[in-house]
Amino acid sequence: MIYDFFHNLTGSYFIADIIQAILPLFFFILPFALFAVWWERKVSAHMQDRLGPMRVGYHGALQTIADILKLFQKEDIVAKDIDKPLFNLAPVLVFIGSYGVFAAIPFTSAYIGANIDLGVFYIVAVSGLAVAGILMAGWASNNKYSLLGAMRSAAQMVSYEIPTILVIVSIVMITGTLNLNTLSEMQTGHFWNWMILGGPGFGIAKFLFIPFMILGFLIIYISTLAEVNRVPFDIPEAESELVAGYHTEYSGMKFAMFFLAEYANMFAVSAIVAALFFGGYQSPIGYLGNLLNAHWLIPIEQLFWFTAKGLFFVFVQMWLRWTLPRLRVDQLMETCWKYLIPIAFVDLIIVGLITVL
Amino acid sequence: MKSYFKTAWEALLTVFIGMKVTFKHLFVPAVTIQYPDVKLQLPERERNRLYVNIDDCIGCDQCARACPVSCITIETVKGLPSEDLGKTSGGKKKALWVTKFDIDFAKCCYCQLCVFPCPTECIYMTDVYEFSEYERENLIYDFVTLTPEEREQKKANYARFEAEKAAEKAAAAAAKVAAPKTEENKG
């Protein structure tokens, strides 16, 4: 484990803790955000038969860096009648909410921020913090659009957490663990051991699980999509209705923080879906490291597979963004309460029955 | 109950159909033209910035009169009989020095009405359409190839010529007036 390595290197648990804590930020979230912003622009452009950024670097590869430099130079505009402490605290809180999630995500078998037994539960709890941040931002901005966006966001994120949790519970019933690292370890071997294909073990239950796992995957994917406020569930920041929703009044680096949190969230939920259903960091086809008898290679391969799976689901999020129009508020609530939650409940009961049998 | 499942199924199915459409578009070649690097082929009879081939201009002022927005200003001065102003490419003999031929492209409406009356076809539309400027004065284009000194010289030449002619005339008139007197004196 990397934690032990740092502990041996520095000789102090405290320093090892700090290094462990900042690792995902500088080695994962920031590079990912830089890449994902560019990637989203490219994907959206090509889906509309455009080219997207082309002029900064090769095919606009340095576009995000140029944008960040621009954001650094921007004036931090603060409106007159805002609630200053809340206004300044909100972007930090939103970012903490999405950054905290990364603590329990197993990137490889050698690195997990905090290998806690309540992993999935912790993630669900911490990502709820973002709702408070968004509400804060909307309320403190003293702007009708911000407030409307925040209210919608709160309603949406709270309702869509229910189907997410129901699906997670059904997974937990099969595996009997909330620890994402253990969950990923269980799905080792080849892709037929992934939860989406009934999980490890080979019996009649495995084949009975498959349709309900696919159903569960669809439900959790839709509801996590809504939780991170992505299209088609982007009513909290609906450009055509609410300017920019809860971050209308933010500018400069505070806006950049919301932006970073959004992209970090995108990857976080994709990673959770990948860890729950698609084997986490496990390779679908076996490891080159085992083949070459070079065991140090395995964590690197695992990081590659984990990133690849995460990026694939991020790509699907972008893909959906350019496919579907935005839902109305009532349609949004109907989707959640009348379709996702009942179906998730039925799924949960059936999975429970199969597990008991 | 039946319609409930039908709605759910249709919602899911149509999402996948839509995703198929967008995924296909991911591989459709982009229609974007990388503008400053690659330019679109202009239509054959496009109307953009005017150009005046001043070597062919005879200074007839017809274009300036045809212009609906008066963006063309022409000043000419007659050449001296001793000077050879050359011929236009059409073989027409030039008689006037064009000392000023300004077109204000801030005013120009690209109607092409100035092009048709030109007897020597020296004013025409080009395919240049990128000529934005920071100062409006920079949009006044001067097409005369003579240097300012030469222009002044031509004007001065003509003024002198006119003055000489006037002086000659006056002298002739004076002689005419004086002649009968001498005759009278003789007679």
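Me: In what order do the three strands of the open sheet in chain B lie, and what is the pairing?

Reply: In this predicted model, the order is β2-β3-β5 of chain B, and the pairing is antiparallel.

Me: What makes β2 and β5 of chain B the edge strands?

Reply: Each of them pairs on one side only. β2 covers residues 72–78 of chain B and β5 covers 140–142. On average, neighbouring strands of this sheet are turned by 15° against each other, with direction ignored.

Me: How many residues of chain A and chain B are in contact?

Reply: A contact needs C-beta atoms within 7 Å. By that rule, 11 residues of chain A are in contact with 13 residues of chain B. The chain A side of this contact divides into seven nonpolar, two polar and two charged residues.

Me: Into which domains is chain A divided?

Reply: Domain 1 spans 1–73 and domain 2 spans 76–356 of chain A. The C-alpha centres of these two domains of chain A lie 19 Å apart. Their contact takes 18 residues from domain 1 and 18 residues from domain 2 of chain A.

Me: Which helices of chain A each supply at least two residues of the side of domain 1 that touches domain 2?

Reply: They are α2 (13–47) and α3 (63–73) of chain A. The largest share, 13 residues, comes from α2(A). By class, this side of domain 1 of chain A has 14 nonpolar, three polar and one charged residues.

Me: What is the mean pLDDT of chain A, and which of its elements have the lowest and highest values?

Reply: The mean for chain A is 82, and 99% of its residues reach 70 or more.

Me: Where in chain B is confidence lowest, and where is it highest?

Reply: Helix α3 (residues 148–186) of chain B is lowest, at a mean of 81, and helix α2 (residues 62–66) of chain B is highest, at 90. Chain B averages 85, with 96% of the residues scoring at least 70.

Me: What ipTM and pTM does the model score?

Reply: The ipTM is 0.77 and the pTM is 0.78.

Note on methods
Residues numbered from 1 in each chain as written. Chains lettered and ligands numbered in written order. Predicted model: local features only at pLDDT ≥ 70, side-chain atom pairs only at ≥ 80, totals over all residues. Pairing = 2+ DSSP bridges. Helix = DSSP H or I, 4+ residues; strand = E, 2+ residues; numbered from the N terminus. Axes fitted to C-alpha atoms, helices over the stretch in contact; angles between N-to-C directions. Contact = placed C-beta atoms within 7 Å. Nonpolar A, V, L, I, M, F, W, Y, C, P; charged D, E, K, R; others polar. Domains from an automatic or database assignment. pLDDT = per-residue confidence, 0-100.
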